[in-house]
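Dear colleague,

Here is the structure I promised to hand over. Please have it open while you read my notes below.

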Amino acid sequence: MTRQPTLQRRLAILLLVTVPLIWLVSTGVAAYVAHHEVDELYDTQLTLFARQLLIVNMGEHGDDLPLLPKTKKLIRGGDRGEAEDDDIGLAVWNADGSLLLSDGKGRRFTFDAGRRGFYSVRGEDGKDEWRLFYLPAPDGTRLVAVGQRQKLRHEVVIKVIEGQLLPWLLGLPVLLLLILWAVRKGLRPLQQVAGELGRRSALDSTPLSENVPGEVLPMVQALNALFARIAEAMEHERRFTADAAHELRTPLAALQVQAEVMALMPDEAGRQHALQQLQLGIQRATRLLAQLLALSRLDPMQGLPSRQPVDWQQVSRDALSDVTAAAATKDTVLETHWQTGPDAVLPLSGDATLLTLLLRNLLDNAVRYCPAGSRVELLLSADEVVVQDNGPGIEAQWLSRVQERFFRPPGQEMPGSGLGLSIVERIASLHGLHMQLSNRDEGGLRVTLRQQG
């Protein structure tokens, strides 16, 4: 079995990788900024040196020459002696390009009367890179060039970065250890919730403590809501099982009595009557069992697993065919009235099997509880589906309770389970419909199914 990576491990790896990467990027940015600042500082110095050289009095003996950093020896234009190999160089030419003054590598700078501003050039050996600044005199009599090795600037930048880098290098391991500790501590509420869930029994629906961080609270609240729904479903299942056992006990006891009566009857007529009652009891028990199975399948459903366009012509035909035989034995007339096309009846989409079961229960109830010779009508329109009859209806005081499971109004002579309307209401709810029961003014019961809301 493959071990799934934990959230703690994922976060630790992510942070241990990203923090050093961010640190490296930050170091690079710091180096770039430091290099920019160093370049700006030294460029300012080169500019000032060049301006000072322009205002120097170039006398015969080199009086009033400026003192420049790292400059040990000045060389007059004709002097080609050895100069010190410094990091800073300067050169001054007259308008004809004759070298008036040089220092260090300045004698090797190139004269170009058209140059102005900063240039980056390679030394004669091709290795050293120089930063040069050319500044001509306003009257054009002289041209000054001041230069500095880029290597010097790089060394300054490296020293600045090293000064910042060393504390970070020493603190980085401590930072990573603190990150690991923080991840473990931050995820501890999740571990506590997991531990509490692991210790509780399958029947324990006690809510989890909501004394958790805000990020974990939605998950805990969702779990508590789930526990509440599970507890409600289990309680409903318990009540359903108890009611079903109670309701099944009556027809089974009646079957046993009828079987005993049939065995004791001495004459054929008595046995035939007992056999007829036994068959009726079997039919009642079979119907009750079918209704219980239908409810057990509908109750857990939170919605329809799939919705397809409903062929109401086929649905109504199948539902009517299931009750035709029962209607014929009581001379009950079944009528269907289409007040719109079959493809426009509400709902337009759903589960055709469940809708057939819905209509069959409504039609069967109407046929069974109406006297012989009654009329049962099915009306289908774009706004509602109606099943109505001209039977006795239901007393007003019981209209609000007949949808309760296993409830049957007092005085009912027709055997039943008290589950038919509960099944109808559940199927209607799954299809977004609302069931309404009302007594007709001319007599009979009217069951209307409309869109909810």
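A nonpolar core is a set of buried Ala, Val, Leu, Ile, Met, Phe, Trp, Tyr and Cys residues joined through side-chain atoms within 4.5 Å, where buried means under 20% relative accessible area, with a 1.4 Å probe and protein chains only. This is a predicted model, in which local features need pLDDT of at least 70 and side-chain atom pairs count only at pLDDT 80 or more, while totals for chains, interfaces and linings use all residues. Residues are numbered from 1 along each chain as its sequence is written, and side-chain values use heavy atoms, leaving out hydrogens and water.

The largest nonpolar core has 42 residues, and Leu-437 is among those with the most contacts inside it. To this core α7 (352-369), a helix (a DSSP run of H or I, at least four residues, numbered from the N terminus), gives the most, with nine residues. A second, separate core of 13 residues includes Leu-46, Leu-54, Val-92 and Val-144.

Leu-437 touches, among others, Ile-394, Leu-399 and Val-402, not counting residues up to four places away in sequence; contact means heavy atoms within 4.5 Å.

Ser-381 is buried, with a relative accessible area of 10%, and a polar atom of its side chain lies 3.0 Å from the backbone oxygen of Glu-384.

Finally, the chain averages a pLDDT of 78, pLDDT being the predictor's confidence in each residue, from 0 to 100. Over residues 60-85 pLDDT stays under 50. Where pLDDT is low, the predicted coordinates should not be read in detail.

Best wishes

Notes. Buried < 20%, exposed > 50% of the residue type's maximum accessible area, 1.4 Å probe, protein only. Polar contact = N/O pair within 3.5 Å; in protein donor to acceptor, adjacent residues only side chain to side chain. Helix = DSSP H or I, 4+ residues; strand = E, 2+ residues; numbered from the N terminus.
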